[in-house]
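Q: Could you take me through this structure? I have the sequence and the model open and would like to discuss them.

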Amino acid sequence: MRTILVHTGAMKGANKTVRQSVSLPEKTAAQVRTMAKTRRVSSNRILVELIETGIEAERRRQEEFFDLAKRFRSATDPEEVKRLGDKLGQMVFGD
(Lines give C-alpha, C1' and ligand atoms only; values in the text may rest on other atoms or scores of the structure.)
Protein backbone atom coordinates (compact mmCIF):
# COMPACT_ATOMS: atom_id res chain seq x y z
CA MET A 1 0.00 0.00 0.00
CA ARG A 2 1.25 3.49 -0.84
CA THR A 3 0.32 6.92 0.39
CA ILE A 4 0.31 9.85 -1.99
CA LEU A 5 0.82 13.23 -0.37
CA VAL A 6 -0.85 16.14 -2.13
CA HIS A 7 -0.12 19.69 -1.03
CA THR A 8 -3.21 21.79 -1.61
CA GLY A 9 -1.78 25.05 -0.31
CA ALA A 10 -4.44 25.16 2.39
CA MET A 11 -1.81 25.31 5.11
CA LYS A 12 0.64 28.16 4.85
CA GLY A 13 4.26 27.60 5.80
CA ALA A 14 5.25 29.01 9.17
CA ASN A 15 7.43 32.11 9.09
CA LYS A 16 8.39 32.18 5.45
CA THR A 17 11.60 34.15 5.13
CA VAL A 18 12.50 36.72 2.51
CA ARG A 19 16.11 37.51 1.76
CA GLN A 20 16.93 41.21 2.02
CA SER A 21 20.14 43.07 1.51
CA VAL A 22 20.89 46.09 3.66
CA SER A 23 23.91 48.32 3.95
CA LEU A 24 24.82 49.30 7.49
CA PRO A 25 27.09 52.07 8.63
CA GLU A 26 30.41 50.64 9.79
CA LYS A 27 29.80 51.54 13.45
CA THR A 28 26.36 49.89 13.44
CA ALA A 29 27.70 46.74 11.78
CA ALA A 30 30.43 46.51 14.42
CA GLN A 31 27.85 46.84 17.19
CA VAL A 32 25.74 44.10 15.61
CA ARG A 33 28.74 41.77 15.38
CA THR A 34 29.66 42.47 19.00
CA MET A 35 26.11 41.76 20.17
CA ALA A 36 26.05 38.54 18.14
CA LYS A 37 29.34 37.33 19.62
CA THR A 38 28.24 38.20 23.15
CA ARG A 39 24.98 36.29 22.80
CA ARG A 40 26.53 33.56 20.63
CA VAL A 41 24.05 33.94 17.81
CA SER A 42 24.42 35.04 14.21
CA SER A 43 24.50 38.66 13.15
CA ASN A 44 21.40 37.91 11.09
CA ARG A 45 19.53 36.75 14.21
CA ILE A 46 20.50 39.95 16.03
CA LEU A 47 19.32 42.08 13.09
CA VAL A 48 15.98 40.25 13.01
CA GLU A 49 15.50 40.75 16.75
CA LEU A 50 16.41 44.43 16.54
CA ILE A 51 14.04 44.99 13.63
CA GLU A 52 11.19 43.15 15.37
CA THR A 53 11.80 45.16 18.55
CA GLY A 54 11.80 48.40 16.54
CA ILE A 55 8.58 47.50 14.75
CA GLU A 56 6.89 46.69 18.06
CA ALA A 57 8.14 49.96 19.60
CA GLU A 58 6.81 51.92 16.61
CA ARG A 59 3.43 50.18 16.91
CA ARG A 60 3.25 51.06 20.63
CA ARG A 61 4.25 54.67 19.90
CA GLN A 62 1.46 54.97 17.32
CA GLU A 63 -1.07 53.51 19.77
CA GLU A 64 0.07 55.97 22.43
CA PHE A 65 -0.24 58.85 19.96
CA PHE A 66 -3.78 57.90 18.89
CA ASP A 67 -4.82 57.38 22.52
CA LEU A 68 -3.44 60.81 23.41
CA ALA A 69 -5.17 62.40 20.40
CA LYS A 70 -8.46 60.81 21.45
CA ARG A 71 -8.06 62.15 25.01
CA PHE A 72 -7.16 65.59 23.59
CA ARG A 73 -10.31 65.69 21.42
CA SER A 74 -12.57 64.70 24.32
CA ALA A 75 -10.98 66.96 26.95
CA THR A 76 -13.05 69.90 28.12
CA ASP A 77 -10.89 71.44 30.84
CA PRO A 78 -8.71 74.20 29.29
CA GLU A 79 -5.70 73.23 31.43
CA GLU A 80 -6.04 69.60 30.37
CA VAL A 81 -6.44 70.62 26.71
CA LYS A 82 -3.24 72.69 26.91
CA ARG A 83 -1.30 69.93 28.66
CA LEU A 84 -2.42 67.26 26.19
CA GLY A 85 -1.82 69.61 23.24
CA ASP A 86 1.73 70.27 24.45
CA LYS A 87 2.31 66.54 24.83
CA LEU A 88 0.99 65.90 21.31
CA GLY A 89 3.27 68.61 19.97
CA GLN A 90 6.26 66.99 21.64
CA MET A 91 5.36 63.62 20.13
CA VAL A 92 5.01 65.09 16.64
CA PHE A 93 7.81 67.64 16.58
CA GLY A 94 10.15 66.35 19.29
CA ASP A 95 11.39 68.09 22.41
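This is a predicted model: local features need pLDDT of at least 70, side-chain atom pairs count only at pLDDT 80 or more; totals for chains, interfaces and linings use all residues.

Q: How many aromatic pairs does a search of the whole structure find?
A: The search finds one aromatic pair. Its members are Phe 65 and Phe 66, with ring centres 5.6 Å apart and planes at 70°, so the pair is edge-to-face.

Q: Let me step back. What does the secondary structure of the chain come to?
A: The chain has three helices and zero strands. Read from the N terminus, the order of elements is α-α-α.

Q: How much of the chain is buried?
A: Of the 95 residues in the chain, 8% are buried. The chain exposes about 9000 Å², and carbon and sulfur atoms supply 55% of that area.

Q: On to H1. What span should its 14 residues have?
A: Helix H1 covers residues 26-39, and at 1.5 Å a residue it should span 20 Å. The C-alpha atoms at its ends are 20 Å apart, which agrees with that expectation.

Q: Which residues of H1 are buried?
A: Ala 29, Val 32 and Ala 36 are the buried residues of H1. They cover an arc of only 60° around the axis, so they lie on the same side of H1.

Q: Why would residues spaced like that point the same way?
A: An α-helix has 3.6 residues a turn, so residues three or four places apart point the same way.

Q: What covers the buried residues of H1?
A: The cover includes helix H2, residues 43-74.

Q: Which exposed residues are on the face turned away from the buried side of H1?
A: That face of H1 carries Glu 26, Lys 27, Lys 37 and Thr 38, which are exposed.

Q: Which residue follows H1?
A: H1 is followed by Arg 40, which has a positive phi near 60°. Arg 40 lies in the loop between H1 and H2.

Q: Is the Arg 40 residue buried or exposed?
A: Arg 40 is exposed, and its relative accessible area is 77%.

Q: New topic: how many salt bridges does the structure hold?
A: The structure holds 10 salt bridges. One of them joins the side chains of Arg 45 and Glu 49, at 3.3 Å from N to O.

Q: How are Arg 45 and Glu 49 placed in H2?
A: Arg 45 and Glu 49 are four residues apart in helix H2, so about one helical turn separates them. Arg 45 is partly exposed at 35% relative accessibility, and Glu 49 is partly exposed at 23%.

Q: What does Glu 56 form with Arg 59?
A: Glu 56 and Arg 59 form a salt bridge, in which the closest N and O atoms are 2.2 Å apart. The two residues are three apart in helix H2, which means a separation of about one helical turn. Arg 59 is partly exposed at 36% relative accessibility; Glu 56 is also partly exposed, with a relative accessible area of 30%.

Q: And in H3, where do Arg 83 and Glu 80 lie?
A: Both lie in helix H3, residues 78-93, three residues apart, or about one turn of the helix. Arg 83 and Glu 80 form a salt bridge whose closest N and O atoms are 2.9 Å apart. Arg 83 is partly exposed, with a relative accessible area of 40%, and Glu 80 is partly exposed with 27%.

Q: Which residues do salt bridges that share partners join into one network?
A: That network consists of Arg 39, Arg 45, Glu 49 and Glu 52.

Conventions:
Residues are numbered from 1 along each chain as its sequence is written. Side-chain values use heavy atoms; hydrogens and water are left out. Rings of Phe, Tyr and Trp (its six-membered ring) pair if their centres lie within 6.5 Å; planes under 30 degrees apart count as stacked, over 60 as edge-to-face and the rest as tilted. The expected span of a helix is 1.5 Å times one less than its number of residues. Buried means under 20% relative accessible area, exposed over 50%, partly exposed in between (1.4 Å probe, protein chains only). The arc is that of the directions from the helix axis to the C-beta atoms. Contact means heavy atoms within 4.5 Å. Accessible areas come from the Shrake-Rupley method with a 1.4 Å probe; for residues, only the protein chains shown count as cover. A salt bridge is a side-chain nitrogen of Lys or Arg within 4 Å of a carboxyl oxygen of Asp or Glu.
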